[in-house]
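The entries follow in the order in which I looked things up.

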Amino acid sequence: MKWSEEVRDGAIVASPKGKIDESTALGFGTDLEGAVASAAEASIKVVVDCSGIDYMSSRGLRALTLAKRKADGAGVKIILAAPNQIVREILAISRYDKLFGVTETVDAALAA
């Protein structure tokens, strides 16, 4: 899994790429929690561009949960943007689409 992020339109846009599974979930969680901490300092939101995520296991969902707890405590909003069909189904089955805002595009998440 590769991670990149940028500040754009009042948000940190994080762009993980690859599979988020047993071997990569810890790094994903660490990177996401770092983005949350940076967003808290700047009083902005975090948009996770999910378009580059090929697959997310339960370990990836756990990393999202832990990051959301930190974000909620810091007053930071996390929005998941542009998930592919597989990731969208994973989010729906696990009901994470009810915990997080999910948008069709990064631009929609930035406007939210």
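The entries below concern a predicted model.

**Entry 1: positive phi angles**

I looked up residues other than glycine with a positive phi. I noted D9, whose phi is near 50°. D9 sits in the loop that joins β1 (5-8) and β2 (11-14).

A82 belongs to the loop between β6 (78-81) and α3 (85-93). Is A82 buried or exposed? I found a relative accessibility of 17% for A82, so this residue counts as buried, the cut-off being under 20%.

**Entry 2: salt bridges**

I searched the whole structure and recorded five salt bridges. Three of them are described here, starting with R8 and E6, whose closest N and O atoms are 3.5 Å apart. R8 is partly exposed at 29% relative accessible area, and E6 is partly exposed at 42%.

Next I examined R59 and E22, which form a salt bridge with 2.9 Å between the closest N and O atoms. R59 lies in helix α2 (residues 58-74) and E22 in the loop between β3 (18-20) and α1 (25-42), so the pair ties together parts 37 residues apart in sequence. R59 is partly exposed at 36%, whereas E22 is exposed at 59%.

Finally, I recorded the salt bridge between R88 and E104, at 3.1 Å from N to O. Because R88 lies in helix α3 and E104 in the loop between β7 (101-103) and α5 (106-111), this pair ties together parts 16 residues apart in sequence. R88 is partly exposed at 25%, and E104 is exposed at 59%.

Note on methods
Residues numbered from 1 in each chain as written. Predicted model: local features only at pLDDT ≥ 70, side-chain atom pairs only at ≥ 80, totals over all residues. Heavy atoms only, no water. Helix = DSSP H or I, 4+ residues; strand = E, 2+ residues; numbered from the N terminus. Buried < 20%, exposed > 50% of the residue type's maximum accessible area, 1.4 Å probe, protein only. Salt bridge = Lys/Arg side-chain N within 4 Å of Asp/Glu carboxyl O.
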